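Open the model in a viewer and keep the selection panel at hand. The stops below go from side chain to side chain.

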Amino acid sequence: MKIAIAGKKTETANYVRYIQSANIQSGNITPLVTLNMEEIAACDALLLPGGGDITPAFFGEVNRGSRNIDTALDIRQFQAFDLALEKKMPVLGICKGMQIINVALGGGIIQDLEPPSRERHSYDNGDKYHNSIIIPNSWLHALYGDGTTVNSAHHQALGKTGKGLAVIQRCPADGCIEAVAHETLPVIGVQWHPERIDRDRSGTDGGRVLEYFLSLIRQGRQ
């Protein structure tokens with residue numbers, strides 16, 4: 001099983017380790033960091049990683065606080081997502097990756113959360129930990145129940161949700177969308193970081209998200 005990580009090798013080491021961690025139990029799972037569409041097409045699934053902010057023009061706005069923009073990377077990630085949809089590949093978006101999914105499906109972005117933003121209340125590894133509420137009968141509810149503590153390190157959030165996306169997790173303090181799922185496609189996204197969440201501090205096992213993602217891949221290969 002091969003999972004494409006649509007990003008740069010210098011910025012995706014956490015995601016590589018995250019996927020490799022599944023080999024302890026499952027084995028034969030290989031992460032491939034690439035922005036080459038032919039290589040992505042040869043994979044079984046796509047992971048869209050976190051990173052900077054999406055170029056606002058892609059969701060029809062001028063810059064109102066977006067930063068760390070890499071338009072060339074955005075284009076490649078949108079292309080990777082379109083390719084994954086065409087090939088019916090499972091997709092997992094993390095942080096910026098979830099935002100890429102949302103924008104690609106016609107959704108919007110809140111470019112700068114009202115201060116004090118989560119980013120300004122950060123602790124270990126740039127992350128803030130906070131409670132979340134999970135919608136019943138969702139894939140995330142099956143993993144964590146009615147709610148769980150998650151981490152975040154972002155100053156943006158989903159605005160209008162893209163076509164076919166259902167909101168399945170929110171922060172009760174500010175209403176920020178923490179996770180989504182597509183209504184008919186094997187496409188899921190989380191605003192938080194399961195690849196680096198501190199289980200001892202949060203009580204949340206980020207590996208469960210990966211396990212669910214792998215189950216989507218296996219279902220698609222049957």
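Does Trp139 count as buried or exposed? Select Trp139 in this predicted model: its relative accessibility is 9%, so Trp139 counts as buried, the cut-off for that class being under 20%.

The ring centres of Trp139 and Tyr212 lie 4.9 Å apart, and with the ring planes at 10° the pair is stacked. Now colour by secondary structure: Trp139 belongs to helix H5 (residues 139-144) and Tyr212 to helix H7 (residues 207-221).

The structure holds three aromatic pairs. For another of them, select Phe58 and Phe78. Here the ring centres are 5.2 Å apart and the planes meet at 65°, which makes the pair edge-to-face, because planes over 60 degrees apart fall in that class. Phe58 sits in the loop between strand S3 (45-48) and helix H3 (71-86), while Phe78 is in helix H3. Phe58 is partly exposed at 34% relative accessible area, whereas Phe78, at 11%, counts as buried.

Last, select helix H1, residues 13-20. Show the side chains of Tyr15, Val16, Tyr18 and Ile19, which are buried. Look down the axis: these four span an arc of only 160°, so they lie on the same side of H1.

Methods: Residues numbered from 1 in each chain as written. Predicted model: local features only at pLDDT ≥ 70, side-chain atom pairs only at ≥ 80, totals over all residues. Heavy atoms only, no water. Buried < 20%, exposed > 50% of the residue type's maximum accessible area, 1.4 Å probe, protein only. Helix = DSSP H or I, 4+ residues; strand = E, 2+ residues; numbered from the N terminus. Arc of directions from axis to C-beta. Phe/Tyr/Trp six-rings, centres within 6.5 Å; stacked < 30°, edge-to-face > 60°.
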